[in-house]
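Here is a friendly briefing to read alongside the structure.

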Amino acid sequence: RDDIDEVAEPPGFPPPPESGRETQQLIDVNPPRGTRDFPPEDMRLRNWLFQQFREVSRILSFEEVDFPVLESEALFIRKAGEEITQQLYNFEDKGGRRVVLRPEITPSLARLVIKQGKSVSLPLKWFTIGQCWRYERMTRGRRREHYQWNMDMIGVPRVRAEAELVNAIVLLFERLGITSSDVGIRVSSRKVLQAVLQMYAIPECLFAEVCVIVDKLGKITKEEVEKELMSAGVTSEAVKGIVEVLSLASLDKLEAVLGADVEAIADLKKLFSLAEHYGYSQWITFDASVVRGLAYYTGIVFEAFDREGKLRAICGGGRYDQLLSTFGSDDIPACGFGFGDAVIVELLKEKGLLPDLGRQVDDIVFPLDEELEGQASMVASALRRKGHSVDLVEDKRLKWVFKHAERVNASRLILVGNSEWQRGMVRVKVLSTREEYETKIDELS
Ligand SMILES: CC(=O)Nc1cnc2ccccc2c1
């Protein structure tokens, strides 16, 4: 058939049979479905982004922690119908243990808090940047892994914790050049939904499941959300009440419906007044429809969004005061957020804010004759001991070396030549000023 492109034999593979080596079919050089490689240019961008995450964490005086990517499956078995627990990258290991590639970080962090129990003094302010996984049928072609920056405050029952976390998020955006006209942070509290369910005498045990369903508003149709709520056991009048309250556009309107004594109102008012003092009021906005999709949130929840509405949530988080008791421990109040590595990069591209990250090398050392390769190694090694990044180049024409120096943005070109070496010297070209001079080898700094 002429519609099948002739697959050109890739050059060099497989070696022709007469070469005597067995013929090896070229392996699939792509990484597993839904995963990414990070070649140097992509890795520079990732390192730059993670450096911003780390800097903000340091500025907020959070301590770095880390956990295994591999966790017990039991840590993530939840009954609230979350997408994240329906897509666990789970398997049985060779010891017959049910394990997962973690889909999120918070449960691991809660596990460590419990494990460290009495030996740590509260509050804890921990952060980590870690890869998270999901096993999604590739029908949707979405990624199966991403990196998430997490910041969590453990042992702070009051809204100060949420205010500190929002401070971190705003600082990150500001450092990246993103403004409050590009991005907003929607804030609400799950205690709003809790109050509504109480009004309609909906059993507490349905709370997490209702939150997970309500979080789908805006992603699936309102009718579908109502259908799911009904099948979860929420009465149709309660569904109406939920939809009505969640569409309220202001705290005052919410207060009018729920009454001033509802904790949610007091919490949110406190957060908005703290925001004034932090100086980030223009970033946050009350939005009763924010519930987030994780089962364990119990109080204030928030998510950053692009005001053009083109992208999915940039980051999100909230208070989870009862997560530890689901692991059998005494509860410790906590709140945190997750900030993925994908949407933020899309936003930076949209806003033309991606940094231009080229390579940077201090010195290129190049022997002008091949019998000087030993001398060139001596020069390179001496400079490296001084902490210079040195690119030792050989078997190239001088023309190529100059082009290479441009490409890697080298500061200096150190040429090791016969006549100079006889006089204990090397030739130095400063590439920015075109300045050129000879210097004694042991005076090279
Ligand atoms: C935009 C994107 O890559 N999202 C993403 C990718 N991988 C994940 C893996 C686990 C949990 C959430 C995930 C979310």
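Predicted model: local features only at pLDDT ≥ 70, side-chain atom pairs only at ≥ 80, totals over all residues.

Which residue in β4 does asparagine 90 stand opposite? The residue facing asparagine 90 is valine 100.

**The hairpin of β3 and β4**
- Strand β3 covers residues 89-92 and strand β4 covers residues 98-101, and the two pair in the antiparallel sense over four bridges.
- Five residues sit between the strands of this hairpin, where glycine 96 takes a positive phi near 75°.

**The eight-stranded sheet**
- Eight strands make up an open sheet with mixed pairing, in the order β1-β5-β6-β11-β10-β9-β7-β8.
- Its edge strands are β1 (63-64) and β8, each of which pairs on one side only.
- Within the sheet, β6 (residues 145-154) and β11 (residues 334-340) run antiparallel to each other and are joined by seven bridges.
- Isoleucine 154 has alanine 334 in β11 as its bridge partner.
- Threonine 285 is partly exposed, because its relative accessibility of 29% falls between the 20% limit for buried and the 50% limit for exposed.
- From threonine 285 to serine 188 the C-alpha distance is 8.6 Å, although the two are 97 residues apart in sequence.

**Backbone points to check**
- As background, most residues other than glycine have a negative phi, and most peptide bonds are trans.
- A cis peptide bond links leucine 122 to proline 123, with omega near 0°.
- You will find proline 123 in the loop that lies between α3 (106-116) and β5 (124-133).
- Alanine 201 is not a glycine, yet its phi is positive, at about 55°.
- The loop between α5 (190-199) and α6 (207-214) holds alanine 201, and this residue is exposed, with 65% relative accessible area.
- Arginine 292 also has a positive phi without being a glycine, with a value near 65°.
- Arginine 292 belongs to the loop between β8 and β9 (300-306).
- Is arginine 292 buried or exposed? Arginine 292 is buried, because its relative accessible area is 19% and buried means under 20%.

**Charged patches on the surface**
- A patch of positive charge brings together Arg359, Lys396, Arg397, Lys399, Lys403 and Arg407.
- One of these, lysine 399, is part of helix α14, which runs over residues 398-407.
- Lysine 399 has a relative accessible area of 61% and is therefore exposed, the cut-off for that term being over 50%.
- A patch of negative charge is formed by Glu370, Glu371, Glu373 and Asp395.
- Glutamate 370 sits in the loop between β12 (361-367) and α13 (373-385).
- With 67% relative accessibility, glutamate 370 counts as exposed too.

**A nonpolar patch on the surface**
- Leu26, Ile27 and Val29 form a nonpolar surface patch, and together they have about 290 Å² of accessible area.
- Leucine 26 comes in the segment before α1 (40-59).
- At 39% relative accessibility, leucine 26 is partly exposed.

Terms used
Residues numbered from 1 in each chain as written. Heavy atoms only, no water. Pairing = 2+ DSSP bridges. Patch = residues over 30% accessible without salt bridge, like charges linked within 9 Å, V, L, I, M, F, W, Y side chains within 5 Å. Areas by Shrake-Rupley, 256 points an atom, 1.4 Å probe, with all protein chains shown as cover. Salt bridge = Lys/Arg side-chain N within 4 Å of Asp/Glu carboxyl O. Lys, Arg positive; Asp, Glu negative; His and termini not counted. Charge placed at Lys NZ, Arg CZ, Asp CG, Glu CD. Buried < 20%, exposed > 50% of the residue type's maximum accessible area, 1.4 Å probe, protein only.
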